[in-house]
Amino acid sequence: RSMLLLLLPLYSMAIVFRETVGYEAEGFGAEHFRNLGESLFTVFRCTVAGSCDTAEGKPLFVLISAQYGWGYAVGYAFSCVFVTLGIFNVIAAIFVEHVIVGAKTSTEMVRRQRLRDKEFFAN
């Protein structure tokens, strides 16, 4: 479930970048959005991994926003904040919930074992 929560917004962003920037497919970072696979990998790399540079080491979204407009920079910033604060908090909450349920189950099993232990009650 958590992978789906992460990949769904990234996939939609990859489609948007592929359909808008990807048609140019040369220069100014557009070559990273030529097809949907490259676009999804680039969006994942930029928002989750934090490595958002071209092969020459130039910042990708600075080039894109300079060529195609500031809206792409705003969209990139919003997506980074959304993924970092929103989705990762949900993923962490799901993980913590599973840990708590596991600990609760373990505690109940220990209690049942103690109630079944004849030697424990004999002393």
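Okay, let's start with Val 96, which sits in helix α4. Helices here are DSSP runs of H or I with at least four residues, numbered from the N terminus. Val 96 counts as partly exposed, at 43% relative accessibility. On that scale, buried is under 20% relative accessible area, exposed is over 50%, and partly exposed is in between, using a 1.4 Å probe and protein chains only.

A quick word on the source: this is a predicted model, where local features need pLDDT of at least 70 and side-chain atom pairs count only at pLDDT 80 or more, while totals for chains, interfaces and linings use all residues. Residues are numbered from 1 along each chain as its sequence is written, and side-chain values use heavy atoms, with hydrogens and water left out.

Back to Val 96. Together with Phe 95, Val 99 and Ile 100, Val 96 makes a nonpolar surface patch of about 390 Å². To join a patch like that, residues need over 30% relative accessible area and no salt bridge, and nonpolar side chains (Val, Leu, Ile, Met, Phe, Trp, Tyr) are joined within 5 Å, whereas like charges are joined within 9 Å. The areas come from the Shrake-Rupley method with a 1.4 Å probe, and for residues only the protein chains shown count as cover.

Now the helix itself. How far apart are the end C-alpha atoms of α4? They are 68 Å apart, which agrees with the 69 Å that 47 residues should span at 1.5 Å a residue. That expected span is 1.5 Å times one less than the number of residues. And where does α4 bend? At Val 83, by about 30 degrees. The bend is the angle between axes fitted to the seven residues ending at a residue and the seven starting there. Val 83 is also one of the buried residues of α4, and the others are Tyr 72, Ser 79, Cys 80, Ile 87 and Ile 94.

On to the rings. Phe, Tyr and Trp rings (for Trp, the six-membered one) pair if their centres lie within 6.5 Å; planes under 30 degrees apart are stacked, over 60 edge-to-face, and the rest tilted. By this rule we get 7 aromatic pairs. Phe 78 and Phe 82 form a stacked one, 6.3 Å centre to centre with 20 degrees between the planes. Both are in α4, 4 residues apart, about one turn of the helix. Remember that an α-helix has 3.6 residues a turn, so residues three or four places apart point the same way. Phe 78 is exposed at 58%, and Phe 82 is partly exposed at 39%. Elsewhere, ring pairs link Phe 17, Phe 33, Phe 61, Tyr 68, Tyr 72 and Tyr 76 into a cluster.

What about charges? Side chains of opposite charge can pair when their charged atoms come close. A salt bridge needs a side-chain nitrogen of Lys or Arg within 4 Å of a carboxyl oxygen of Asp or Glu, and this structure holds 1. Glu 38 and Arg 34 make it, at 3.4 Å, N to O. Glu 38 is partly exposed at 27%, and so is Arg 34 at 43%.

Last stop: Cys 46, in helix α2. Is Cys 46 buried or exposed? Buried, with a relative accessible area of 2%.

Definitions and conventions
Helix = DSSP H or I, 4+ residues; strand = E, 2+ residues; numbered from the N terminus.
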